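Me: I'm new to this one and would like a close look at a single part of it. Could you walk me through the sheet and what sits around it?
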Amino acid sequence: MNITVIGTGYVGLVSGICYAELGNRVICVDKDLAKVATLQNGGIPIYEPGLQELSAKNTAAGRLSYTSDLREAVEQADIVIIAVGTPSLPNGEANLAYIDQAAIEIAQAMNGYKIIAVKSTVPVGTNERVAKLIRSWTAEQFHSISLPEFLREGSAVQDTLHPDRVVIGADSETAAETIVRLHRSLTDQIVVTDIRSAEMLKYASNAFLATKISFINEIANICEKVGADVTRVAEGMGYDKRIGHAFLKAGIGYGGSCFPKDTRALIQIAGNVDYEFKLLRAVVEVNQDQRMNVIRKLESIFDGELQGKTIAVWGLAFKPNTDDVRESPAHEIIQYLTQSGAHVKAYDPIATRNFRSMYGENGVMWCDDALQAATGADALCLLTEWDEFVRADLVELQSLLRKPILIDGRNVFKEADLAETKFIYYSIGRPRLNQGIKEEISALYG
Ligand SMILES: NC(=O)c1ccc[n+]([C@@H]2O[C@H](COP(=O)([O-])OP(=O)(O)OC[C@H]3O[C@@H](n4cnc5c(N)ncnc54)[C@H](O)[C@@H]3O)[C@@H](O)[C@H]2O)c1
Ligand SMILES: O=c1ccn([C@@H]2O[C@H](COP(=O)(O)OP(=O)(O)O[C@H]3O[C@H](CO)[C@@H](O)[C@H](O)[C@H]3O)[C@@H](O)[C@H]2O)c(=O)[nH]1
């Protein structure tokens with residue numbers, strides 16, 4: 001099939017490349033000329049394992065190309081996939097400006113029947129809005145499809161080529177059949193439904209996963225107080241097939257370009273029909289507070305006085321294996337530290353450049369390696385569970401820090417890892433490891 005994908009962010013790029021890998025002819029379009037130039041020259045503007053190789057392979061095979069010429073790309077397509085951003089408006093609602101603009105541009109380029117699928121995460125009713133908009137600009141025939149995307153950053157290629165399910169929202173049987181055929185080789189689990197249900201299904205999935213995370217984070221906070229270990233609690237819970245192990249890792253909360261934005265948007269979608277989504281409001285509030293756990297611990301260690309302390313930060317990306325720093329907990333944590341007069345030394349294996357351009361310089365020392373960041377620091381905070389940190393030599397690390405204080409925001413280390421060290425170690429919801437922390441701190445600081 002001839003497919004044109006509008007937008008080469010994570011979703012547009014990964015799905016476009018994967019559709020080419022399945023043997024389709026794909027044109028990926030972006031209005032960002034620098035991105036298109038990078039892609040045309042064999043580069044990939046995002047860090048995503050396996051993507052560059054797949055792009056090179058399919059470009060060389062003549063199935064995949066990149067352009068900024070939306071008109072020409074749409075003219076050649078049987079299926080046009082919209083994968084532009086839907087960022088938050090200040091009130092939390094999804095901003096549909098990019099969707100509307102793309103719809104108008106597609107309509108202006110229509111030269112015959114096409115299927116127009118929306119892969120962006122959009123509020124219920126958006127596909128109808130897009131269809132109306134297109135109809136107001138062109139008399140050409142088309143069918144709308146809601147085609148929500150469920151890939152995760154860092155494992156996007158794998159998720160796309162081996163999805164748990166594909167969801168297709170349609171109001172035309174023939175258009176639905178075409179889109180089913182396009183995905184048939186990927187999975188047997190293809191859910192064909194009406195358009196509004198497909199739009200809702202995407203938000204409901206993200207909201208449920210976010211709920212699991214906030215739930216286990218609250219359990220972790222209680223574990224700390226009652227002397228239980230959240231990792232053992234989550235493990236035992238997860239063996240129950242009705243619960244499952246996934247998304248029960250306690251830590252400093254979820255970030256990224258999806259959960260924070262999509263939970264806010266779903267609260268608004270509910271609000272717009274006079275329904276207060278109380279549970280989801282609490283999920284968001286718990287998540288916001290959870291990142292402050294790191295700060296609270298530092299403040300208790302330093303008796304509320306962060307001024308003049310040097311704090312090392314390991315991890316700026318919102319999760320490992322991505323250079324995406326959108327809504328990463330590191331933003332608020334670093335901002336709080338610098339505003340409190342602490343000197344921050346930060347390191348991330350991949351995401352430093354993106355973080356710096358979003359965060360600004362603001363008194364942070366950006367380090368080129370993990371040990372450089374730790375050297376001379378009064379405490380180290382681990383915010384992203386990159387493999388490089390998991391494999392750190394803790395004895396060497398301890399010797400470089402001014403004081404052996406380690407706040408592990410992702411529960412990366414085990415008791416055995418710490419056995420050879422004198423780390424004052426704080427993790428999330430594992431009180432046994434934190435035992436004696438007060439006494440050790442007063443021994444160190446008097
Ligand atoms: N990032 C993810 O992991 C993920 C996963 C599932 C769903 N989603 C959803 O997919 C959508 C896209 O997310 P993303 O992270 O890929 O977005 P992004 O913001 O990173 O990228 C969007 C791209 O679209 C381009 N664009 C915007 N308007 C255009 C137009 N009229 N013509 C051509 N190009 C245009 C922009 O230049 C940009 O490169 C969002 O709705 C998001 O919620 C994202
Ligand atoms: O047990 C867990 C699992 C995740 N997280 C955090 O949750 C956030 C999101 O993680 P993940 O879901 O792996 O990454 P995303 O790439 O944001 O993917 C989510 O958001 C996408 C965009 O909508 C969806 O397509 C995916 O299905 C959905 O998993 C990250 O900050 C993680 O650190 C936890 O704190 N504990």
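In β4, which residue is the bridge partner of Ile3?

Reply: Keep in mind that you're looking at a predicted model. The residue you want is Ile79, which is the bridge partner of Ile3 in β4.

Now step back to the whole sheet. It is open and has eight strands, in the order β3-β2-β1-β4-β5-β6-β7-β8, and the pairing is mixed. At the edges you'll find β3 (64–67) and β8 (190–193), each with pairing on one side only. From one strand to its neighbour the turn is 20° on average, ignoring direction.

A helix packs on this sheet too: α9 touches β6 (142–146), β7 (166–170) and β8. The direction of α9 makes about 145° with that of β7.

The top contributor is α9, with three residues. There are 21 residues around ligand 2, and those that come nearest are Glu153, Lys249, Tyr254, Gly256 and Cys258. By type, the shell splits into ten nonpolar, six charged and five polar residues.

And where does that put the ligand? Domain 1 (2–193) and domain 2 (202–282) both supply residues to the shell, so ligand 2 lies between them.

Notes: Residues numbered from 1 in each chain as written. Chains lettered and ligands numbered in written order. Predicted model: local features only at pLDDT ≥ 70, side-chain atom pairs only at ≥ 80, totals over all residues. Near = placed C-beta within 6 Å. Helix = DSSP H or I, 4+ residues; strand = E, 2+ residues; numbered from the N terminus. Nonpolar A, V, L, I, M, F, W, Y, C, P; charged D, E, K, R; others polar. Domains from an automatic or database assignment. Pairing = 2+ DSSP bridges. Axes fitted to C-alpha atoms, helices over the stretch in contact; angles between N-to-C directions. Contact = placed C-beta atoms within 7 Å.
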